[in-house]
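Please read it alongside the sequence and the structure displayed here.

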Amino acid sequence: MRRTKEDAERTRERILDAAETVFYDRGVARTTLEQVALAAGVTRGAIYWHFDSKAALLEAVHQRVRQPLTDLLYRLIEDDPPDAFARMEAQITDVLMRLFEDDRTRRVLTIVLLKCEHTEEMAAILEHEQVQRQQFLASLARFFARLQDRGLVAPGVPEVQAAALHAFLLGLFSDVLRFPAHFPTPDHALALVRYFLTTFAPRRRQAPPGGVALSGVEP
């Protein structure tokens with residue numbers, strides 16, 4: 001009987017579920033497509049029907065978690081609502097909560113951040129990730145520039161602010177996954193986020209002697 005589109009999609013999802021588990025248990029470099037096929041209950045040929053390489057399979061595993069989060073963040077920083085910075089903090093909080101509460105998010109980010117060795121086999125996907133990183137940083141820098149124009153963040157070089165936020169979050173997420181005992185509850189990680197984000201707060205002008213401090217961005 002000819003396979004329906006729905007059958008093919010179910011098989012694809014089963015392969016992705018199996019790959020997520022095997023990548024997490026063994027690491028990407030030590031995982032073979034034969035092991036994924038066995039875990040999924042399909043043939044190796046079935047995997048190649050949907051994915052032309054292990055790198056493509058890993059990218060699809062990552063995409064299931066990353067794409068919804070990326071779409072939300074891009075929409076936020078490109079639409080630029082009046083409360084954009086507060087909403088970005090809420091979005092960061094949501095991702096952190098998923099690390100603590102959602103098994104799939106935790107497994108996939110553990111794979112990508114901690115278990116994806118830089119091998120020749122992964123060169124294509126790492127290059128793709130670099131391109132996406134640069135695109136995201138460019139969008140984030142434009143976001144910071146617009147917020148500076150409106151006096152909503154401290155003055156500075158937008159590209160540096162964007163890179164600093166990205167590096168902080170990457171390090172925090174990696175630490176939460178690598179050293180879970182250091183973060184027994186989400187509050188420990190969220191406190192670090194709140195502290196770091198204060199570095200972007202508009203500074204206040206120093207009050208004259210006996211005067212009242214004036215709020216606003218320094219010239």
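**Helix packing and overall form**

The crossing of H5 and H8 is right-handed, where a crossing counts as right-handed if the near helix is turned clockwise from the far one by less than a right angle and as left-handed if anticlockwise. The model is predicted: local features need pLDDT of at least 70, side-chain atom pairs count only at pLDDT 80 or more, and totals for chains, interfaces and linings use all residues. Residues are numbered from 1 along each chain as its sequence is written, and side-chain values use heavy atoms, with hydrogens and water left out.

**Overall form**

- The protein chain has 9 helices and 0 strands, these elements being DSSP runs numbered from the N terminus (helices: H or I, at least four residues; strands: E, at least two).
- Read from the N terminus, the order of elements is α-α-α-α-α-α-α-α-α.
- The radius of gyration of the protein chain is 21 Å, whereas a compact globule of 219 residues would have one near 17 Å; the value is taken over C-alpha atoms, and the globule rule is 2.2 Å times the number of residues to the power 0.38.
- Along the principal axes, the C-alpha atoms of the protein chain fill a box of roughly 85 × 35 × 30 Å.

**Annotated regions**

- An unreviewed UniProt entry places the feature "domain: HTH tetR-type" at residues 9-69; UniProt positions follow the numbering used here, feature names are shortened, and annotations may be inferred rather than shown by experiment.
- The span of residues 9-69 is 80% helix and 0% strand, with its end C-alpha atoms 22 Å apart.
- The UniProt annotation "DNA-binding region", also from an unreviewed entry, covers residues 32-51.
- Over residues 32-51 the chain is 75% helix and 0% strand, and the end C-alpha atoms are separated by 13 Å.

**H5 with H8**

- The axes of H5 (residues 84-101) and H8 (residues 158-178) come within 10 Å and cross at roughly 20°; axes are lines fitted to C-alpha atoms, for helices over the stretch in contact, and angles run from 0 to 180 degrees between N-to-C directions.
- H5 and H8 are therefore roughly parallel to each other (under 35 degrees; over 145 is roughly antiparallel, 65 to 115 roughly perpendicular and the rest oblique).
- Met-88, Ile-92, Val-95, Leu-96, Leu-99 and Phe-100 in H5 meet Leu-165, Leu-169, Leu-172, Phe-173, Val-176 and Leu-177 in H8, contact meaning heavy atoms within 4.5 Å.
- The residues of this contact comprise 12 nonpolar, no polar and no charged (nonpolar: Ala, Val, Leu, Ile, Met, Phe, Trp, Tyr, Cys and Pro; charged: Asp, Glu, Lys and Arg; polar: the others, Gly among them).

**H5 with H7**

- H5 also packs with H7 (residues 123-149), at an angle of about 140° and with the axes 11 Å apart.
- That angle makes H5 oblique to H7.
- In H5, Ala-84, Phe-85 and Met-88 meet Leu-140, Phe-143, Phe-144 and Leu-147 of H7.
- The contact of H5 with H7 has 7 nonpolar, no polar and no charged residues.

- H4 (residues 54-79) and H6 (residues 103-114) pack at about 135°, their axes 9 Å apart.
- H4 and H6 are therefore oblique to each other, and H4 passes H6 in a left-handed crossing.
- Leu-58, Val-61, His-62, Arg-64 and Val-65 in H4 meet Arg-104, Thr-105, Val-108, Leu-109, Ile-111 and Val-112 in H6.
- By class, the contact of H4 with H6 has 7 nonpolar, 2 polar and 2 charged residues.
- Arg-64, found in H4, touches Glu-13, Leu-16, Asp-17, Glu-20 and Arg-104, not counting residues up to four places away in sequence.
- The C-alpha atoms of Arg-64 and Val-160 are separated by 29 Å, the two residues being 96 residues apart along the chain.
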